[in-house]
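Work through the two exercises below with the sequence and the model at hand, and try each task before reading its solution.

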Amino acid sequence: MNMKKNLLLYSFAIFILQLTNAQTNLLTESFETDGEGTRYVSNPFQVSCDFFLRDDNTFSCLTNNPTGLDGSYYWTGEDTDTGVDPTGILTLNPLVVTGFTLDIDVLLGLGRPNDFRFEPDDELLFQYNMDGGGWVTFAAFYGSNDGLPASTGNLVQDTDLNGAYNAGAPEINSSAMQNFNFTIPATGNSVQVRFIMGQDGGTEETIIDNIRTVSYTHLTLPTKRIV
């Protein structure tokens, strides 16, 4: 009887594979100090309440100040085509990433969410440049105020990167900062990351904070057999 029980138990043996994520934080930019020219380069400007700049909730032009920040400072933009360039661009310094796979975590928010502000030609792009191979978009958001009944005019993710938002995709829809995670689908030795704000109207207020370049490694723990 015991032999039969043992055979039955072995025939239904379960092997549990436990996976955990080991995280290596390669770079964090929270804008707590001015990194212009040392940690990043950008094209900041302010013309009345059109702007692309670093702020700490002391700038009066945002409709709603963000909450849930990492520290006090963040980067924000509104009507960025008013500047010398048609978009606001901030580029992080090159980072050595030899041997790592890469994710980007970032906090995103809007100064005036759910108020029909962002049209489909308004964009927020994240791009990488691996080993000088040119800029590649790895995450994109476009305005959803396209006249359809369900639209709230927030920034909605373009999950297939075809230049238009995808209905039902994740969206930036709050002045409480939301964490988004993206994968850089390339490996190499040196990477640069940049974001591009392209907004062409007033009160289209985008907020970015706590950009983290992270490598997540899957660790396989020893299997456990249950008998």
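Strands (E, at least two residues) and helices (H or I, at least four) are DSSP runs, numbered from the N terminus. The model is a predicted one, in which local features need pLDDT of at least 70 and side-chain atom pairs count only at pLDDT 80 or more, while totals for chains, interfaces and linings use all residues. Residues are numbered from 1 along each chain as its sequence is written, and side-chain values use heavy atoms, with hydrogens and water left out.

**Exercise 1.** Find which cysteines the disulfide joins, and describe the link.

Solution. Begin with the count: the structure holds 1 disulfide, a term for a pair of cysteine sulfur atoms within 2.5 Å. The partners are Cys 49 and Cys 61, with an S to S distance of 1.8 Å. Next, take the angle about the S-S bond, which is -75 degrees, making the link of Cys 49 and Cys 61 left-handed. Cys 49 lies in the loop between strand 4 (45-47) and strand 5 (50-55), and Cys 61 in the loop between strand 5 and strand 6 (74-78), so the pair ties together parts that are 12 residues apart in sequence.

**Exercise 2.** Where is Thr 203 placed, and is Thr 203 buried or exposed?

Solution. First locate Thr 203, which sits in the loop between strand 15 (190-198) and strand 16 (205-220). Then note its backbone: although Thr 203 is not a glycine, its phi is positive, at about 55 degrees. Finally, apply the accessibility classes (buried under 20% relative accessible area, exposed over 50%, partly exposed in between; 1.4 Å probe, protein chains only). Thr 203 counts as buried, at 18% relative accessibility.
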